[in-house]
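This briefing concerns one protein chain.

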Amino acid sequence: MMRNILILVFNDLAIAFKNKTFFLVLFIPLFVFISLNLLDRSNADSRKVQVGMIEGYAYAPAITASVRAVQNLIEVTWVNSEAEGVQLLQEHKIDGVLSARKELPGSLALLVLKKESLQTIAIVQSFSALQKTAEGSAPDWITEISSLHQGGVQRETLPTWILMLVLLIGFIILPVQVAEEKEKKLLIALLQNPIHEIQWLIAKLITGMVLIVTAVMFLHLLGRFGPVHFFTYCLFILAGSYCFSAYGIFLGFLCRKQASARTLGVIFFLPHLLPSALSDVSQKLTVVAPFLPSYQLFRPLQSILLEDGRMADMTFDLVYLLLLGSLLFYLSYLLMKRRWLM
């Protein structure tokens, strides 16, 4: 009895090794470990409050003097304009932008990414402590707080959920469908009929795009979310669905069996999802994420849904998605013409 159990166990392990499941078991913890090490660590430098102050603004002398006196706690970056400060804020190089309020001399307006973030709390607490030290019981210096990200917590997480849906269909569902048709010889049988390779590829591409658009629309209907710029938003959803549907078809052609396609899909799914989704909380990931195709979709969605972004600022991302999708579609066509792993 024990012998039979051991034989079955070793047989299952051999199958897991053959269909790449064993590699997936090793890859997930390895990737999580690397991602965690890319997150900003809580050391002495990262506890500094990093704020941007605009040159030429009439800040109260007590404020500037107090900030200079605590350079070990508050790091100031002087910028030429508020627009430059907003750019540094979006790149996570500073935690907030401080501007002097003309209607209330001696007070400050604070611009942050999110009002509920830990960075915002740290800035307010630091300047409140400085104010009490310098002026005692006078009113707080920061009298107004505004954020780039508009909307509540549900809307702030919406770009991440949309990206997850797009990648889930592109990297998990489509590669398995393609590999299944190859494994069961259905694709060879179809090509023996008067069906051209390009017709099958276009049909599969449209299928992926329809699935992605349907999932995103259903999410919007359930959450009653409405994009700020409807045309630009729809354009990026279509471009993203086109790009990652072509990506999924290409991955499916790299595999002979469904199990291998599923494993390969997960291996591509996690690196495309996590760095982009976590780029808001780590300056290191903000540097890494732009090299991923998923970020070229995530960043425009975030800008449209949370920051009132417009098409003029996102032309590169749109062209990138369309060109990458076209390249992957062409590579899939070449593999299909060669009957790759069929």
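In this predicted model, F250 touches L328, L331, S332 and L335, leaving aside its neighbours within four places in sequence. F250 belongs to helix α10, which covers residues 230-253.

- Between F250 and G325 the C-alpha to C-alpha distance is 10.0 Å, although 75 residues separate them in sequence.

**Packing of α9 and α10**
- Helix α9 spans residues 197-223, and its axis comes within 8 Å of that of α10, at a crossing angle of roughly 130°.
- The two helices, α9 and α10, are therefore oblique to each other.
- The crossing of α9 and α10 is right-handed.
- On the α9 side, the contact is made by W200, L201, K204, L205, G208, M209, I212, V213, V216 and H220.
- On the α10 side, the contributing residues are Y233, I237, L238, S241, Y242, S245, A246, I249 and F253.
- By class, the residues of this contact comprise 14 nonpolar, four polar and one charged.

**The chain as a whole**
- The protein chain contains 14 helices and five strands.
- Of its 342 residues, 46% count as buried.
- Among contacts in the protein chain with a separation of 6 or more, 76% join residues 24 or more positions apart.
- The accessible surface of the protein chain is about 18,200 Å², and carbon and sulfur atoms account for 65% of that surface.

Definitions and conventions:
Residues are numbered from 1 along each chain as its sequence is written. This is a predicted model: local features need pLDDT of at least 70, side-chain atom pairs count only at pLDDT 80 or more; totals for chains, interfaces and linings use all residues. Side-chain values use heavy atoms; hydrogens and water are left out. Helices (H or I, at least four residues) and strands (E, at least two) are DSSP runs, numbered from the N terminus. Buried means under 20% relative accessible area, exposed over 50%, partly exposed in between (1.4 Å probe, protein chains only). Contact means heavy atoms within 4.5 Å. Accessible areas come from the Shrake-Rupley method with a 1.4 Å probe; for residues, only the protein chains shown count as cover. Axes are lines fitted to C-alpha atoms, for helices over the stretch in contact, and angles run from 0 to 180 degrees between N-to-C directions. Angles under 35 degrees count as roughly parallel, over 145 as roughly antiparallel, 65 to 115 as roughly perpendicular and the rest as oblique. A crossing is left-handed if the near helix is turned anticlockwise from the far one by less than a right angle, and right-handed if clockwise. Ala, Val, Leu, Ile, Met, Phe, Trp, Tyr, Cys and Pro count as nonpolar, Asp, Glu, Lys and Arg as charged, and the others, Gly among them, as polar.
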